Amino acid sequence: MIILNELKMLTQDDVASLLNIHRTQVSMLRQVGILKAIKTGKNYMFSQETIKDFQHDYAGYDVSNAENARQSYLAVNANHE
């Protein structure tokens, strides 16, 4: 049985609030490929699973700027292979 709350998608502002970061940081993480999103018109939506995976996979990594985020992305992907 699927629980509808698990299907709820999050906006960029929702994700920023949950992670206590600025919405431009969410956008940067999406552009780097760290946060996978679905484009819906002009907006992007993020699954709750994506946020949980981010918290798990990137714990201990520095994703404070685009360069560090790219390096972290490469390291995490290398660990998954």
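Select S72 first: this residue is buried, with a relative accessible area of 5% (buried means under 20% relative accessible area, exposed over 50%, and partly exposed in between, with a 1.4 Å probe and protein chains only). The model is predicted, so local features need pLDDT of at least 70 and side-chain atom pairs count only at pLDDT 80 or more, whereas totals for chains, interfaces and linings use all residues. Residues are numbered from 1 along each chain as its sequence is written, and side-chain values use heavy atoms, with hydrogens and water left out.

S72 lies in helix α5 (helices, H or I of at least four residues, and strands, E of at least two, are DSSP runs numbered from the N terminus). Display its contacts, defined as heavy atoms within 4.5 Å: leaving aside residues up to four places away in sequence, S72 touches Y58, Y61, D62 and V63.

Next, select Y58 and Y61. Y58 is buried at 9% relative accessibility, while Y61 is partly exposed at 31%. Their ring centres are 6.1 Å apart and their planes stand at 65°, so the pair is edge-to-face (rings of Phe, Tyr and Trp, the last by its six-membered ring, pair if their centres lie within 6.5 Å; planes under 30 degrees apart count as stacked, over 60 as edge-to-face and the rest as tilted).

Now move to helix α2, residues 12-19, and colour its buried residues Q12, V15, A16 and L19. Viewed down the axis, they fall within an arc of 100°, so they line one face of the helix; the arc is that of the directions from the helix axis to the C-beta atoms. An α-helix has 3.6 residues a turn, so residues three or four places apart point the same way. The buried residues of α2 pack against β1 (9-11), α3 (23-32), β3 (43-47) and α4 (48-57). On the face turned away from the buried side, find the exposed residues S17 and L18. Just after α2, N20 takes a positive phi of about 55°.
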